[in-house]
Amino acid sequence: MIKAVFYSKNNSYFGFKISGHADYGCYGNDVVCAGVSALVINTINSIEKFTDDTTVTEEFGSGLVKFKISGKVSPESRLLLRSLRLGLCSVYEEYGNKYICIRFREVNHV
């Protein structure tokens, strides 16, 4: 199962953690994993390319990605993170809670 956690402060997203594998299909043919990977990679690349926000990305070989914006979050990054949420929620609606779990965590400090 893919587990996604969105982190926010004052109701504004600043990062996320994605871990696990969907196991929807065989390795190389898993459309749920491929879709989630494309959404996550595109979000990170877009924030890094199209904003001046300072980002920290950690990728681990076991299907774990941690991403956060340090400091002030630009309106563009807010929109891109909301877009990622929309995309992941669409995957959840299409394939269900057997393959993806999405949580939201409000934090007091970054």
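## Notebook: strands, helices and a few residues

**Sheet.** I began with strands S2 and S4, which pair in the antiparallel sense over 5 bridges. This is a predicted model, so I looked up the confidence next. The mean pLDDT of the protein is 94. I noted that 98% of the residues reach 70 or more. I kept one rule in mind: where pLDDT is low, the predicted coordinates should not be read in detail.

Back to the strands. In what order do the 5 strands lie in the open sheet? I read the order as S3-S4-S2-S1-S5, with mixed pairing. Strand S3 (54-60) and strand S5 (100-106) are the edge strands, and each pairs on one side only. From one strand to the next, the twist averages 15°.

**S3 and S4.** I took this pair next. S3 and S4 (residues 64-70) run antiparallel and are joined by 7 bridges. They form a hairpin, with 3 residues between the strands. Gly63 sits in the turn and has a positive phi of about 80°.

I then looked up who faces whom across S4. Val56 stands opposite Lys68 in S4. Glu59 stands opposite Val65 in S4. Ile18 also stands opposite Val65 in S4.

**Helix pair.** Two packed helices are described by the angle between their axes and the distance between the axes. I looked up both values for H1 (residues 31-50) and H2 (residues 75-95). The angle is about 175°, and the axes are 9 Å apart. An angle over 145 degrees counts as roughly antiparallel, and H1 and H2 are therefore roughly antiparallel to each other.

I listed the residues that make the contact. From H1 they are Val31, Val32, Val36, Leu39, Val40, Thr43, Ser46 and Ile47. From H2 they are Ser77, Leu80, Leu81, Leu84, Gly87, Leu88, Val91 and Tyr95. How many nonpolar, polar and charged residues does the contact of H1 with H2 have? My entry reads 12 nonpolar, 4 polar and no charged residues.

**Thr43.** I picked this residue out of helix H1. Is Thr43 buried or exposed? Its relative accessible area is 5%, and buried means under 20%, so Thr43 is buried. Leaving out residues up to four places away in sequence, Thr43 touches Phe16, Leu80, Leu81 and Leu84.

**Ser8.** I found Ser8 in strand S1. Its relative accessible area is 8%, so Ser8 is buried. I set aside its neighbours within four places in sequence and looked for contacts. Ser8 is then in contact with Tyr13, Phe14, Arg105, Glu106 and Val107.

**Asn108.** This residue lies in the segment after S5. At 72% relative accessibility, Asn108 counts as exposed. I also checked Asn108 against Ser8. How far apart are the C-alpha atoms of Asn108 and Ser8? They are separated by 8.7 Å, while the two residues are 100 residues apart along the chain.

**Asn10 and Asn11.** I went to the loop between S1 and S2, where Asn10 lies. Asn11 has its place in the loop between S1 and S2 too. Most residues other than glycine have a negative phi. Asn10 has a positive phi of about 55°, although it is not a glycine. Phi of Asn11 is near 60°, also positive, and Asn11 is a residue other than glycine.

Are these asparagines buried or exposed? Exposed means over 50% relative accessible area. Asn10 has 64% relative accessibility, so Asn10 counts as exposed. Asn11 has a relative accessible area of 76%, so Asn11 is exposed.

Terms used: Residues numbered from 1 in each chain as written. Predicted model: local features only at pLDDT ≥ 70, side-chain atom pairs only at ≥ 80, totals over all residues. Heavy atoms only, no water. Axes fitted to C-alpha atoms, helices over the stretch in contact; angles between N-to-C directions. Helix = DSSP H or I, 4+ residues; strand = E, 2+ residues; numbered from the N terminus. Parallel < 35°, antiparallel > 145°, perpendicular 65-115°, else oblique. Contact = heavy atoms within 4.5 Å. Nonpolar A, V, L, I, M, F, W, Y, C, P; charged D, E, K, R; others polar. Pairing = 2+ DSSP bridges. pLDDT = per-residue confidence, 0-100. Buried < 20%, exposed > 50% of the residue type's maximum accessible area, 1.4 Å probe, protein only.
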